[in-house]
Amino acid sequence: MIITRTPLRVSFAGGGTDFRDFYKDYGGQVVSTAINKYIYVIVKKRFDDRIYVGYMHKEIVSAVNDIQHDLVRETMKLAGISSGVEIVILADIPSSGSGLGSSSSLTVGLLNALYNYRGKAVEPEKLAREACQVEIDILGKPIGIQDQYIAAYGGFKHIYFAPDDAVQVHELNLDAAARDRLAKKLLLIYTGKTRKAEGILAKQRQKIHMSISVLLAMKEQAAELKQALEGGDFDYLGQMLGRAWENKKKLADNISNNEVDKLYKTGIRSGATGGKLCGAGGGGFLLFYCPPEKQPDLRKTLNGYTELTFDFESKGTEVIFTE
């Protein structure tokens, strides 16, 4: 039996520049961090040749092609496992539409578990690249490639996407004390709604040719944020998040809605200096940057919403149990 644990992520800047339709011409970059909320994948040998898959639903099938869960089906094919396994998926948060990169974390975690089940340890780069292959090339999902890399590598990263498809992953130069100070200024508030990211991202992708100037600005924000954070100017993040959110809403008309806008404005009035909706938009989690002395007021104002407490995670996907 193998159990993997794969972190979710919070992306701060550059989201959208990781679409191939953009970075193949202009290059892309993001600043993103893994957090200590996880997707767990358990892979266990069965006594017979059937395949059992447990998640929100249960499947028991005789052939890989009969599996309805598309990520399980395609990662099993890629890892070369065709029968006689049980796969169970567990998550720390709503596993779909959270905006915290859960689908890509699941794909990376599945590949890591399945390869280790076969006795093969695989490097983060291969896990990230093959997760992109599964989600984008095989399943045709209209998504970028940042989530797969932060899930595989973990840490607080600046990731550059080159036009030739090379991906450069660099850890930000922040010591433990600096990371702790920064984490204490961030809050994740659950909007109470999840959404299917693919519809939003499909519209965003269709409009990339009309959004080049916005995406170039978002790419530059990622470079500026890296410099500011490494220089100790954490308050720049609060200022930048607001600008990044306004830019993000220009990429598609369904990224925000009246309820999200109202919640965001309430957070700003209550002491946050900036914020953004995580992930594709439409629902999930709102990230706020808020000075610690203002946080009691913000929490009081938003007491009808659930806060997800978190910290930064230095590790990417890992095997936490093997038998």
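Let me begin with Glu 171, which counts as partly exposed at 37% relative accessibility. This is a predicted model, so please keep that in mind throughout. The side chain of Glu 171 meets that of Arg 179 in a salt bridge, with 2.7 Å from N to O, and Arg 179, whose relative accessible area is 18%, is buried, since the cut-off for that word is under 20%.

Another of them joins Lys 77 to Glu 74, where the closest N and O atoms are 3.6 Å apart, and both residues lie in helix H2, residues 70-79, at a separation of 3 residues, or about one turn of the helix. Here Lys 77 is partly exposed, with 41% relative accessibility, whereas Glu 74, at 9%, is buried.

In helix H8, which spans residues 212-230, Glu 230 and Lys 226 are 4 residues apart and therefore separated by about one helical turn. Their closest N and O atoms are 3.1 Å apart, and the two form a salt bridge. Glu 230 is partly exposed, with a relative accessible area of 30%, and Lys 226 also counts as partly exposed, at 24%.

Finally, a word on the backbone: Asp 165 has a positive phi of about 80 degrees, although it is not a glycine. Asp 165 sits in the loop between strand E6 (156-161) and strand E7 (167-171), and with 48% relative accessibility it counts as partly exposed.

Key
Residues are numbered from 1 along each chain as its sequence is written. This is a predicted model: local features need pLDDT of at least 70, side-chain atom pairs count only at pLDDT 80 or more; totals for chains, interfaces and linings use all residues. Side-chain values use heavy atoms; hydrogens and water are left out. Helices (H or I, at least four residues) and strands (E, at least two) are DSSP runs, numbered from the N terminus. Buried means under 20% relative accessible area, exposed over 50%, partly exposed in between (1.4 Å probe, protein chains only). A salt bridge is a side-chain nitrogen of Lys or Arg within 4 Å of a carboxyl oxygen of Asp or Glu.
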